[in-house]
Amino acid sequence: MTTGAPTSPYTARRRPSRLRRYLPLGIAAWLVLEIWLLTLVAGAAGGLTVFLLLVAGLVAGSVVIKRAGRRAFQSLNEALQRGGSPERGGGNGLMMLGGLLLMIPGLVSDAAGLLLLLPPVQKAVSRSAENAFDRSLRKVAPGSLGDAFQQARMHRPDGKVVQGEVIREDRPEPGEQRPPLTR
């Protein structure tokens with residue numbers, strides 16, 4: 001049982017997005033590149049060297065993730081003690097991503113993880129991700145979920161976020177019957 005406007009059985013299928021189309025191909029190319037580089041380094045420096053590099057990446061990644069998590073928890077605790085909200089981002093998320101990339105076996109992911117640990121790279125990645133997110137929110141059609149998210153991000157003129165709660169009461173009119181919620 002449906003309510004609302006009837007839908008046509010001949011609705012056009014949406015084309016898959018570029019991300020859905022090319023992401024599996026990108027992951028496959030990345031895996032092939034990682035394996036090729038590992039065999040190349042193993043041939044030049046030896047298998048034990050590659051193994052030690054992979055173990056060092058795992059240990060370094062876990063240390064970075066632990067430190068970034070501790071820093072994020074500490075800034076959250078300080079913000080709660082001040083009675084405010086924590087600073088936006090603070091680079092902890094990108095540090096955790098860098099640590100995760102260090103933990104993934106491979107030389108390309110290790111290089112990307114090490115790059116993400118540098119503060120100028122973190123600022124550039126954070127800025128570009130925020131701009132891309134804002135651009136995607138501007139493209140959202142009115143009445144969609146993204147539109148609701150955009151409305152929830154409204155700020156006061158002094159820069160503070162307005163906290164709020166929406167309470168919706170759907171009460172049936174007297175005499176209106178609702179169907180039972182069964183399969």
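Which residues gather in a patch of positive charge on the surface? They are Lys66, Arg67, Arg70 and Arg71. Keep in mind that this is a predicted model, where local features need pLDDT of at least 70, side-chain atom pairs count only at pLDDT 80 or more, and totals for chains, interfaces and linings use all residues. Residues are numbered from 1 along each chain as its sequence is written, and side-chain values use heavy atoms, with hydrogens and water left out.

**Overall fold**

- The protein has six helices and zero strands, with helices (H or I, at least four residues) and strands (E, at least two) taken as DSSP runs and numbered from the N terminus.
- Read from the N terminus on, that gives α-α-α-α-α-α.
- Of the 183 residues, 13% count as buried; buried means under 20% relative accessible area, exposed over 50%, and partly exposed in between (1.4 Å probe, protein chains only).

- Patches are built from residues with over 30% relative accessible area and no salt bridge, joining like charges within 9 Å and nonpolar side chains (Val, Leu, Ile, Met, Phe, Trp, Tyr) within 5 Å.
- A salt bridge here is a side-chain nitrogen of Lys or Arg within 4 Å of a carboxyl oxygen of Asp or Glu.
- For charge, Lys and Arg count as positive and Asp and Glu as negative, while His and the chain ends are not counted; the place of a charge is NZ of Lys, CZ of Arg, CG of Asp or CD of Glu.
- Lys66, from the positive patch, sits in helix α2 (residues 47–82) and is exposed, because its relative accessible area is 54%.
- There's also a nonpolar surface patch of about 570 Å², made by Leu48, Phe51, Leu52, Val55, Val59 and Val63; the areas come from the Shrake-Rupley method with a 1.4 Å probe, and for residues only the protein chains shown count as cover.
- Leu48, one of that nonpolar set, is in helix α2 as well, and its 61% relative accessibility makes it exposed.

- Glu34 belongs to helix α1 (residues 18–45).
- This Glu34 is buried yet has no salt bridge, and the nearest side chain of opposite charge, Arg67, is 23 Å away.
- What Glu34 does have is a polar side-chain atom 2.7 Å from the backbone nitrogen of Leu107.

- Gly57 in helix α2 is buried, because its relative accessibility is 6%; its C-alpha is 10.0 Å from that of Ala111, 54 residues along the chain.
- Met103 lies in helix α3 and is partly exposed at 29% relative accessibility.
- From Met103 to Ala60 there are 43 residues in sequence, but 7.5 Å in space, C-alpha to C-alpha.
- Leu100 is found in helix α3 (residues 92–103) and is partly exposed, with a relative accessible area of 44%.
- Leu100 and Asp110 are 10 residues apart along the chain, with 9.1 Å between their C-alpha atoms.

Notes: Polar contact = N/O pair within 3.5 Å; in protein donor to acceptor, adjacent residues only side chain to side chain.
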